[in-house]
Every structure is written in C-alpha cells, then in structure tokens.
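Colleague: I would like to learn how to read strands and cores in a model. Can we go through one together?

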Amino acid sequence: MAGVTTVRGGGQPQGARVPLIAGNWKMNLDHLQSIAFVQKLAWSLKDARHDFGAVEVAVFPPFTDLRSVQTLVSADKLPIVYGAQDVSRHAPGAFTGEIAAEFLAKLDCTYVVIGHSERRTLHGETDEVVAAKTTAALGAGLIPLICVGETAEDLETHGASAVPVAQLNAVLESLPKGTDFVVAYEPVWAIGSGQAATPEQAQQVASALRAAISERLGEETAKATRILYGGSVKADNIAGFMRQPDVDGALVGGASLDVEGFSAIVRYQKHVGV
Ligand code: PGA
C-alpha cells in the first residue's frame, strides 16, 4: 500500500470532517480470524482503490485480538485503524479483569468505543461511568467514540433526541474545548433489528447532538466533531445516511463481519447520488 498515509483520526484538513466507517465486531472473531479478516479487508479495499484519506476505516475487535491486529497493521503498513470496544475507567491497579486505557494506547489503538448500548443495558453502565471512561481514554491519548441512543420506549415517551442529548451532555460536562472525540448515535431499537432509522431521523438527532456540543464546547469543536449513525447499517442503506449534513460516518455491527459487505459500506461514495 505504498503512498497511502495512515489516518490517525482527528487531523482533518481545513476543518472538514473526514467520514469514518467503523466496524464494531462485538464478541465475534478470535485472534486468528481477526488476522485473516483484516488482511482480506485491506486487500479488498486496495483492489477497489479506496482512498483512505477520504473515508477513514476502523475496526473494533475483541481485546484478545488487538495485539494480532497491531502486529499485522504495523508489519504490512495497512491504512486501517483500530480500537477496543470498552475500557476501564481506572488507572492500572487491583481491578481484576479490567483493561486500562494505557494498555490500549500501547497497542497503538486510535479509538475506544465507550457506552455502547449493550454495555449500558447488559452491564449497567451509567452516564457517570461513561463519563469516567471517556476521561480515562483521553488521559491515555485515545479518541473516545461515545455511543448514545434512545430505546423504543424513550422514543415514544420523549421523542428521538431527548435521551441521546442527555446522555451526551453527561459526558460533555467533563470535556475541555477542542477535545478530539467521536459520537455515535445508535437508536437501541435499530441495533441488530434490521430496522434502521431513516436518514432524516438520523439527521435530526445528529443535528441536535451537534448543537449540544456547540453549546458546551463551542462552535469550532462542534464543527470538527464527527457524529456517526449506527443501527442496522448495510451496503444498501449507507448512502442515504451519508447524504445527511450532520452524519459523518457509521458504526456498523452485524454487517461489519462480512469483508465484502463492509468494504461496500466503506465505498459508499460509489453509490451516493445513484
Ligand atoms: P448493527 O449494530 O449494525 O448490527 O445493528 C450496530 C452496533 O451495535 O454498533
């Protein structure tokens, strides 16, 4: 992949937001499978002459795969970035089973997903925990990818943006202006259901989230922050989301486990406008 520069998130030229397509593998693919997958993904995108500077590509494998992915990406100089799906809010110490942000930084992780709805619902993560994990990630030099989203019940009771905005505000309180972070709006009812939000719904909430960032951290930070949509994103619906002015990418679960499908999502520009 000579001539392709590795994208490390953040540094967008002229204030433009570089779209990010991120694959959340959840608890899928062991470390051997992760090597084969990342290799195939890189080949597929290279074959398609994907411009990694125009659309950044990230994968989020399980913790036990990260060392293998690091070794592959660094040995073959692949222009794919990666991160973990969770992180401890604590500094290294007596926390059995936890993984410190420093350890992820040592593995050259660029990002870390924080507050995914599965963590919030299955592991009782509160807004306070999400905020503390975000602080820990930033302290280690990682870019937090903060997930927010409403349940079907929230949607009915409070409308679409109230809960995601409140979840984001709980984190924004502790962030300084200029912080490099990514937000993923993932309606809980759309995750793994095959029933994605409409592009207009995603835009409406993304715009409310950007307004919340602007209010707390200023317009410049709001303009520079990427807001992704997640929830049943596939190759055949990505283009509609990417046409929205406040949607800067996607967090893809199920469809990120198929090399060709994920590669087609990354190359959405080929099917935008058709
Ligand atoms: P899905 O998951 O694409 O399978 O709906 C999205 C996510 O949970 O990040």
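Colleague: In which sense do β5 and strand β6 pair, and over how many bridges?

Modeller: First, the ground rules. This is a predicted model, where local features need pLDDT of at least 70, side-chain atom pairs count only at pLDDT 80 or more, and totals for chains, interfaces and linings use all residues. Residues are numbered from 1 along each chain as its sequence is written, and side-chain values use heavy atoms, with hydrogens and water left out. Strands (E, at least two residues) and helices (H or I, at least four) are DSSP runs, numbered from the N terminus. Two strands pair if DSSP finds at least two bridges between them. Here β5 and β6 (residues 182-185) pair in the parallel sense, over 4 bridges. I146 has V183 as its bridge partner in β6. Strand β4 (residues 111-114) also runs parallel to β5, joined by 4 bridges. There, V112 partners P144 of β5.

Colleague: Why is strand β5 largely enclosed?

Modeller: Buried means under 20% relative accessible area, exposed over 50%, partly exposed in between (1.4 Å probe, protein chains only). In β5 (residues 143-148), 6 of the 6 residues are buried, so the strand is largely enclosed by the rest of the structure. I143, L145 and C147 point one way, and P144, I146 and V148 the other.

Colleague: Which residues have the most contacts inside the largest nonpolar core?

Modeller: A nonpolar core is a set of buried Ala, Val, Leu, Ile, Met, Phe, Trp, Tyr and Cys residues joined through side-chain atoms within 4.5 Å. The largest has 65 residues, and I21, V38, L209, I213 and Y229 have the most contacts inside it. Helix α8 (residues 199-217) gives the most to this core, with 7 residues.
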